[in-house]
Amino acid sequence: MRVARKSAAPTLAVERGLWAEGHRVVVGIDEVGKGAWAGPLTLVAAVLPADRRVYGVRDSKLLTEGQREGLFDRIAAWCTAWSAGHASNDECDQLGMSAAQRLAARRALDGLGLDPDAVLVDGQWDFVGNGKTRALIKGDATCLSIAAASILAKVTRDRLMRSAAVDYPDYCFDSNKGYPCPRHRAALATHGPTPLHRRSWAFMDTHGWSHLRISPRSTLPF
């Protein structure tokens, strides 16, 4: 079990600095699904209040699936506003990952119903590009709004993949969430890609599909 140390807790230090400068709506963004073979790329934009706190929030990678699920409703209710944006597997194929990430970020921000004064993203790349973005190295571990967004994004996408597992049981999406693992690779070799797979990914070149009936591309809403 992953255990997040108390000393590693993210804080509102960056948000408080921006609020003090007059930035009223500060948005934290994080993504999940970049390295998956199947399923959407999911980004969440989250706006936190200044006067209330939910304890136990960490970078989603430091928490177990059960811990993330246990925090999800509390974080969702705590946020002033939050919204998920998806780029489908087909959009990841057609646009490339960088453009798909920008698309999902725009959808997440549009869904907030608020005009951001500042946007905080994890890492070094400004994939929002609105002139209001601050990129933070290890932001998901140090910045509370990004950490909250990381949990909301991870749980949102995990639930989508668990629901997809009902239709595609051979691929074990309920456990691997579309990411690489031996059973996922074996299912691809035996059955070929589902409508949820990113077919332009380099790993697809290692499999031959000529003897298999290939499912049509995805028509799912994400």
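Start by selecting K138, which sits in the loop between β5 (133–136) and α5 (139–142). Helices and strands here are DSSP runs numbered from the N terminus, with a helix (H or I) needing at least four residues and a strand (E) at least two. Before going on, note that this is a predicted model, in which local features need pLDDT of at least 70, side-chain atom pairs count only at pLDDT 80 or more, and totals for chains, interfaces and linings use all residues. Residues are numbered from 1 along each chain as its sequence is written, and side-chain values use heavy atoms, with hydrogens and water left out.

**Stop 1: two lysines with positive phi**

Stay on K138 and look at the backbone: phi is positive, about 55°, although this residue is not a glycine. Most residues other than glycine have a negative phi. Is K138 buried or exposed? K138 counts as exposed because its relative accessibility is 61%; the cut-offs are under 20% relative accessible area for buried, over 50% for exposed, and partly exposed in between, with a 1.4 Å probe and protein chains only.

Now jump to K177. Here too phi is positive at about 55°, and K177 is not a glycine either. You'll find K177 in the loop between α7 (173–176) and α8 (182–191). With a relative accessible area of 3%, K177 is buried.

**Stop 2: a glycine in β1**

Select G28 next, in strand β1 (residues 26–32). Its relative accessibility is 0%, so G28 counts as buried. What is G28 in contact with, leaving aside its neighbours within four places in sequence? Show V44, A45, A46, L120, S145, I146 and A149, and you have the set; contact means heavy atoms within 4.5 Å. One of these is worth a distance label: G28 and A45 are 17 residues apart in sequence, and 5.6 Å apart in space from C-alpha to C-alpha.

**Stop 3: rings, and a charge over one of them**

On to the aromatics. The structure holds 4 aromatic pairs. Rings of Phe, Tyr and Trp (its six-membered ring) pair if their centres lie within 6.5 Å; planes under 30 degrees apart count as stacked, over 60 as edge-to-face, and the rest as tilted. Pick F72 and W82: their ring centres are 5.8 Å apart and the planes stand at 90°, so this pair is edge-to-face. F72 belongs to helix α2 (residues 65–78) and W82 to strand β3 (residues 81–87), so the pair ties together parts 10 residues apart in sequence. F72 is buried, at 8% relative accessible area, whereas W82, at 28%, counts as partly exposed.

Then try Y171 and F173, a stacked pair with 5.7 Å centre to centre and 25° between the planes. Both Y171 and F173 are buried.

G70 is partly exposed, with a relative accessible area of 48%. Draw a line from G70 to V155: the two are 85 residues apart in sequence and 10.0 Å apart in space, C-alpha to C-alpha.

**Stop 4: two cysteines**

Select C92 and C143. C92 counts as buried at 1% relative accessibility, and C143 counts as buried at 1% as well. How many disulfides are there? With a disulfide taken as a pair of cysteine sulfur atoms within 2.5 Å, the count is 0.

**Last stop: the whole chain**

Zoom out. The protein has 8 helices and 5 strands, running α-β-β-α-β-α-α-β-β-α-α-α-α from the N terminus on. Of its 222 residues, 51% count as buried. Among contacts between residues at least 6 apart in sequence, 64% join residues at least 24 apart.

Finally, colour by pLDDT, the predictor's confidence in each residue, from 0 to 100. The mean is 90, and 87% of residues reach 70 or more. Over residues 1–7 the pLDDT is below 50, and this stretch has 12 contacts in the model beyond near neighbours in sequence. Residues 209–214 also stay under 50, with 14 contacts beyond four places in sequence.
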